[in-house]
Amino acid sequence: MATRPGPSPRVRRNRLIAGLVVAMLVVVASAWVIAALAPSAGSASPSPSPSATPTATPRPAPTATATPTPVDTFDKAAHSIDDPDSIWVVVDKLRPLNPADYEPSDLVVVPVAHTWEPLMRAEAADAIVRMFQAAADEAGLSLASNSAYRSYGSQERIYDGDDTLTARPGFSEHQTGLTMDIGAESGYCSLDVCLADTAEGQWLRDNAHRFGFLLRYPADKVDVTGYQFEPWHFRYIGTELALEMREKGITTLEEFFGLPPAPNYE
(Lines give C-alpha, C1' and ligand atoms only; values in the text may rest on other atoms or scores of the structure.)
Protein backbone atom coordinates (compact mmCIF):
# COMPACT_ATOMS: atom_id res chain seq x y z
CA MET A 1 0.00 0.00 0.00
CA ALA A 2 1.44 3.37 -1.00
CA THR A 3 2.28 5.92 1.74
CA ARG A 4 0.54 9.33 1.47
CA PRO A 5 3.04 12.13 1.41
CA GLY A 6 2.96 14.60 4.43
CA PRO A 7 2.03 18.23 4.07
CA SER A 8 4.53 20.39 2.48
CA PRO A 9 6.62 22.77 4.61
CA ARG A 10 4.61 25.69 3.33
CA VAL A 11 1.34 24.16 4.47
CA ARG A 12 2.73 23.31 7.88
CA ARG A 13 3.93 26.90 8.27
CA ASN A 14 0.51 28.28 7.39
CA ARG A 15 -1.21 25.95 9.86
CA LEU A 16 1.20 27.03 12.63
CA ILE A 17 0.54 30.70 11.97
CA ALA A 18 -3.22 30.08 12.02
CA GLY A 19 -2.96 28.27 15.35
CA LEU A 20 -0.99 31.09 16.88
CA VAL A 21 -3.53 33.62 15.68
CA VAL A 22 -6.41 31.64 17.23
CA ALA A 23 -4.54 31.31 20.52
CA MET A 24 -3.89 35.04 20.64
CA LEU A 25 -7.53 35.78 19.95
CA VAL A 26 -8.54 33.48 22.78
CA VAL A 27 -6.15 35.24 25.18
CA VAL A 28 -7.36 38.68 24.15
CA ALA A 29 -11.02 37.68 24.48
CA SER A 30 -10.41 36.22 27.96
CA ALA A 31 -8.64 39.38 29.09
CA TRP A 32 -11.52 41.49 27.81
CA VAL A 33 -14.08 39.40 29.71
CA ILE A 34 -12.09 39.58 32.94
CA ALA A 35 -11.68 43.35 32.62
CA ALA A 36 -15.39 43.79 32.01
CA LEU A 37 -16.30 41.76 35.11
CA ALA A 38 -13.71 43.27 37.48
CA PRO A 39 -14.31 46.70 39.16
CA SER A 40 -12.42 49.55 37.67
CA ALA A 41 -9.12 50.39 39.27
CA GLY A 42 -10.23 53.88 40.29
CA SER A 43 -13.40 52.89 42.03
CA ALA A 44 -13.68 51.70 45.62
CA SER A 45 -16.13 49.22 46.94
CA PRO A 46 -19.22 51.04 47.91
CA SER A 47 -19.35 51.56 51.66
CA PRO A 48 -22.59 51.39 53.51
CA SER A 49 -24.30 54.70 53.85
CA PRO A 50 -24.09 56.03 57.37
CA SER A 51 -27.31 55.63 59.18
CA ALA A 52 -29.25 58.86 59.42
CA THR A 53 -29.53 60.22 62.93
CA PRO A 54 -33.06 59.39 64.04
CA THR A 55 -35.22 62.45 64.36
CA ALA A 56 -36.96 62.62 67.76
CA THR A 57 -40.71 62.66 67.49
CA PRO A 58 -41.80 66.07 68.78
CA ARG A 59 -43.89 65.83 71.93
CA PRO A 60 -46.83 68.16 72.31
CA ALA A 61 -46.37 70.82 74.96
CA PRO A 62 -48.07 69.81 78.18
CA THR A 63 -51.47 71.34 78.51
CA ALA A 64 -51.60 73.73 81.44
CA THR A 65 -53.92 72.41 84.11
CA ALA A 66 -56.48 75.00 85.02
CA THR A 67 -56.52 75.96 88.66
CA PRO A 68 -59.63 74.35 90.09
CA THR A 69 -62.26 76.75 91.29
CA PRO A 70 -62.54 76.46 95.06
CA VAL A 71 -65.75 74.78 96.07
CA ASP A 72 -67.62 76.46 98.88
CA THR A 73 -68.42 73.64 101.25
CA PHE A 74 -69.92 75.83 103.96
CA ASP A 75 -73.58 74.94 104.44
CA LYS A 76 -75.49 78.22 104.55
CA ALA A 77 -78.69 76.29 105.16
CA ALA A 78 -77.44 74.62 108.35
CA HIS A 79 -79.59 77.00 110.38
CA SER A 80 -82.59 79.12 109.50
CA ILE A 81 -82.15 82.86 108.97
CA ASP A 82 -85.90 83.40 109.46
CA ASP A 83 -86.75 81.41 112.58
CA PRO A 84 -86.32 83.64 115.66
CA ASP A 85 -85.12 80.61 117.65
CA SER A 86 -82.20 80.09 115.23
CA ILE A 87 -78.79 81.44 116.18
CA TRP A 88 -78.47 82.61 112.56
CA VAL A 89 -81.71 84.58 112.43
CA VAL A 90 -81.16 87.81 110.50
CA VAL A 91 -82.96 90.82 111.94
CA ASP A 92 -82.73 94.19 110.24
CA LYS A 93 -84.99 97.02 109.03
CA LEU A 94 -86.41 94.79 106.30
CA ARG A 95 -86.59 91.63 108.40
CA PRO A 96 -88.61 92.03 111.62
CA LEU A 97 -88.93 89.25 114.15
CA ASN A 98 -91.90 86.98 113.62
CA PRO A 99 -93.81 87.17 115.86
CA ALA A 100 -93.02 90.80 116.59
CA ASP A 101 -93.23 90.20 120.36
CA TYR A 102 -90.98 87.13 120.24
CA GLU A 103 -89.37 86.11 123.54
CA PRO A 104 -86.69 83.37 123.80
CA SER A 105 -87.58 80.39 125.99
CA ASP A 106 -84.06 79.73 127.28
CA LEU A 107 -83.03 83.08 128.76
CA VAL A 108 -80.53 82.91 131.61
CA VAL A 109 -78.73 85.44 133.75
CA VAL A 110 -75.20 86.04 132.47
CA PRO A 111 -72.71 86.01 135.38
CA VAL A 112 -70.47 88.88 134.26
CA ALA A 113 -69.84 92.46 135.37
CA HIS A 114 -72.71 94.67 134.21
CA THR A 115 -74.56 97.94 134.34
CA TRP A 116 -77.97 96.21 134.35
CA GLU A 117 -78.36 92.52 135.05
CA PRO A 118 -77.95 90.86 131.65
CA LEU A 119 -80.11 88.07 130.25
CA MET A 120 -79.18 86.06 127.15
CA ARG A 121 -80.01 82.75 125.59
CA ALA A 122 -78.04 79.98 127.31
CA GLU A 123 -75.65 79.22 124.44
CA ALA A 124 -74.77 82.88 123.93
CA ALA A 125 -74.42 83.42 127.70
CA ASP A 126 -71.85 80.62 127.98
CA ALA A 127 -69.87 82.09 125.08
CA ILE A 128 -69.88 85.57 126.67
CA VAL A 129 -68.50 84.19 129.92
CA ARG A 130 -65.66 82.47 128.06
CA MET A 131 -64.90 85.62 126.08
CA PHE A 132 -64.80 87.88 129.13
CA GLN A 133 -62.49 85.41 130.87
CA ALA A 134 -60.17 85.24 127.85
CA ALA A 135 -59.95 89.04 127.74
CA ALA A 136 -58.85 89.01 131.36
CA ASP A 137 -56.41 86.11 130.99
CA GLU A 138 -54.87 87.13 127.67
CA ALA A 139 -54.85 90.91 127.89
CA GLY A 140 -55.63 91.81 131.49
CA LEU A 141 -58.85 93.55 130.43
CA SER A 142 -62.04 93.84 132.47
CA LEU A 143 -65.17 93.85 130.33
CA ALA A 144 -68.76 94.54 131.32
CA SER A 145 -72.25 94.25 129.89
CA ASN A 146 -74.05 97.52 129.19
CA SER A 147 -77.19 95.89 127.77
CA ALA A 148 -78.27 92.43 126.65
CA TYR A 149 -81.77 90.99 126.10
CA ARG A 150 -84.51 93.57 125.70
CA SER A 151 -88.16 92.62 125.30
CA TYR A 152 -90.55 94.18 122.81
CA GLY A 153 -91.93 96.36 125.63
CA SER A 154 -88.44 97.45 126.70
CA GLN A 155 -87.62 98.41 123.13
CA GLU A 156 -90.77 100.52 122.95
CA ARG A 157 -89.52 102.55 125.91
CA ILE A 158 -85.97 102.86 124.51
CA TYR A 159 -86.79 103.75 120.90
CA ASP A 160 -86.32 107.48 120.45
CA GLY A 161 -87.27 107.91 116.80
CA ASP A 162 -83.70 108.04 115.48
CA ASP A 163 -83.58 105.04 113.15
CA THR A 164 -79.80 105.14 112.78
CA LEU A 165 -79.23 104.79 116.53
CA THR A 166 -82.07 102.63 117.86
CA ALA A 167 -84.16 99.84 116.35
CA ARG A 168 -87.91 99.95 116.37
CA PRO A 169 -89.73 97.41 118.56
CA GLY A 170 -89.87 94.04 116.82
CA PHE A 171 -86.78 94.90 114.72
CA SER A 172 -84.12 94.82 117.43
CA GLU A 173 -81.39 92.17 117.64
CA HIS A 174 -81.47 92.60 121.41
CA GLN A 175 -84.90 90.99 121.41
CA THR A 176 -83.37 87.73 120.07
CA GLY A 177 -81.43 87.18 123.31
CA LEU A 178 -78.26 86.77 121.22
CA THR A 179 -76.82 90.27 121.52
CA MET A 180 -74.84 92.17 124.13
CA ASP A 181 -73.53 95.74 124.22
CA ILE A 182 -70.06 95.38 125.73
CA GLY A 183 -67.71 97.95 127.20
CA ALA A 184 -64.95 98.41 129.72
CA GLU A 185 -65.87 97.68 133.32
CA SER A 186 -64.56 101.14 134.12
CA GLY A 187 -67.34 102.64 132.01
CA TYR A 188 -64.89 104.58 129.87
CA CYS A 189 -66.34 105.15 126.35
CA SER A 190 -69.31 102.90 127.11
CA LEU A 191 -71.87 102.97 124.25
CA ASP A 192 -69.66 105.47 122.42
CA VAL A 193 -67.70 105.19 119.18
CA CYS A 194 -64.52 106.07 121.11
CA LEU A 195 -64.65 102.50 122.45
CA ALA A 196 -63.06 101.46 119.14
CA ASP A 197 -59.85 103.24 120.16
CA THR A 198 -59.59 101.61 123.58
CA ALA A 199 -57.75 98.41 124.43
CA GLU A 200 -61.08 96.78 125.24
CA GLY A 201 -62.65 97.75 121.93
CA GLN A 202 -59.65 96.61 119.92
CA TRP A 203 -59.44 93.29 121.71
CA LEU A 204 -63.12 92.64 121.08
CA ARG A 205 -62.76 93.59 117.42
CA ASP A 206 -59.87 91.17 116.94
CA ASN A 207 -61.05 88.25 119.08
CA ALA A 208 -64.84 88.13 119.31
CA HIS A 209 -65.10 85.74 116.34
CA ARG A 210 -63.18 83.11 118.31
CA PHE A 211 -66.14 82.87 120.65
CA GLY A 212 -68.87 83.05 118.00
CA PHE A 213 -69.59 86.79 118.06
CA LEU A 214 -69.87 89.29 115.22
CA LEU A 215 -69.31 93.05 115.38
CA ARG A 216 -72.73 93.59 113.86
CA TYR A 217 -72.59 97.24 112.78
CA PRO A 218 -69.17 98.04 111.24
CA ALA A 219 -68.15 101.61 110.44
CA ASP A 220 -68.00 101.04 106.67
CA LYS A 221 -71.32 99.21 106.30
CA VAL A 222 -73.88 101.80 107.41
CA ASP A 223 -75.49 101.61 103.97
CA VAL A 224 -75.99 97.86 104.45
CA THR A 225 -77.04 97.62 108.10
CA GLY A 226 -78.81 100.97 108.43
CA TYR A 227 -77.10 101.74 111.75
CA GLN A 228 -74.19 103.93 112.71
CA PHE A 229 -70.91 102.35 113.76
CA GLU A 230 -71.41 100.57 117.08
CA PRO A 231 -68.09 99.10 118.27
CA TRP A 232 -69.89 97.85 121.39
CA HIS A 233 -72.69 95.82 119.73
CA PHE A 234 -71.81 92.11 119.42
CA ARG A 235 -74.18 89.50 118.08
CA TYR A 236 -73.79 85.79 118.79
CA ILE A 237 -73.89 83.64 115.62
CA GLY A 238 -71.85 80.62 116.75
CA THR A 239 -68.19 79.92 116.10
CA GLU A 240 -68.80 78.07 112.84
CA LEU A 241 -70.36 81.05 111.08
CA ALA A 242 -68.19 83.63 112.84
CA LEU A 243 -64.99 81.92 111.70
CA GLU A 244 -66.30 81.46 108.15
CA MET A 245 -67.18 85.14 107.83
CA ARG A 246 -63.83 86.14 109.28
CA GLU A 247 -61.95 83.91 106.84
CA LYS A 248 -63.86 85.29 103.85
CA GLY A 249 -63.63 88.89 105.01
CA ILE A 250 -67.41 89.37 105.00
CA THR A 251 -68.56 91.62 107.82
CA THR A 252 -72.36 91.69 107.64
CA LEU A 253 -75.01 88.97 107.76
CA GLU A 254 -76.81 90.61 104.86
CA GLU A 255 -73.81 90.26 102.56
CA PHE A 256 -72.94 86.76 103.69
CA PHE A 257 -76.42 85.37 103.09
CA GLY A 258 -77.03 87.39 99.94
CA LEU A 259 -79.77 89.53 101.45
CA PRO A 260 -80.59 93.05 100.27
CA PRO A 261 -79.12 96.00 102.15
CA ALA A 262 -81.45 97.38 104.78
CA PRO A 263 -80.60 101.06 105.30
CA ASN A 264 -84.26 102.02 105.78
CA TYR A 265 -87.57 100.58 106.90
CA GLU A 266 -90.07 99.82 104.19
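In the predicted model, Ser145 has Ile182 of strand β4 as its bridge partner. Strands here are DSSP runs of E with at least two residues, numbered from the N terminus. Strand β3 (residues 143–147) joins β4 through 4 bridges, and the two run antiparallel. Two strands count as paired if DSSP finds at least two bridges between them. β4 also pairs with strand β6 (residues 233–236), again in the antiparallel sense, over 3 bridges. Here Thr179 has Arg235 of β6 as its bridge partner. In strand β4 (residues 179–184), 6 of the 6 residues are buried, so the strand is largely enclosed by the rest of the structure. Buried means under 20% relative accessible area, exposed over 50%, and partly exposed in between (1.4 Å probe, protein chains only).

The disulfide count is 1, the criterion being a pair of cysteine sulfur atoms within 2.5 Å. Cys189 and Cys194 form this bond, with their sulfur atoms 1.9 Å apart. The torsion about their S-S bond is about -120 degrees, so the disulfide is left-handed. Cys189 is buried, at 10% relative accessible area. Cys194 is partly exposed, at 25%.

Confidence is given as pLDDT, the predictor's score for each residue from 0 to 100. The protein chain averages 86, and 75% of the residues score at least 70.

Local features need pLDDT of at least 70 and side-chain atom pairs count only at pLDDT 80 or more, whereas totals for chains, interfaces and linings use all residues. Residues are numbered from 1 along each chain as its sequence is written, and side-chain values use heavy atoms, with hydrogens and water left out.
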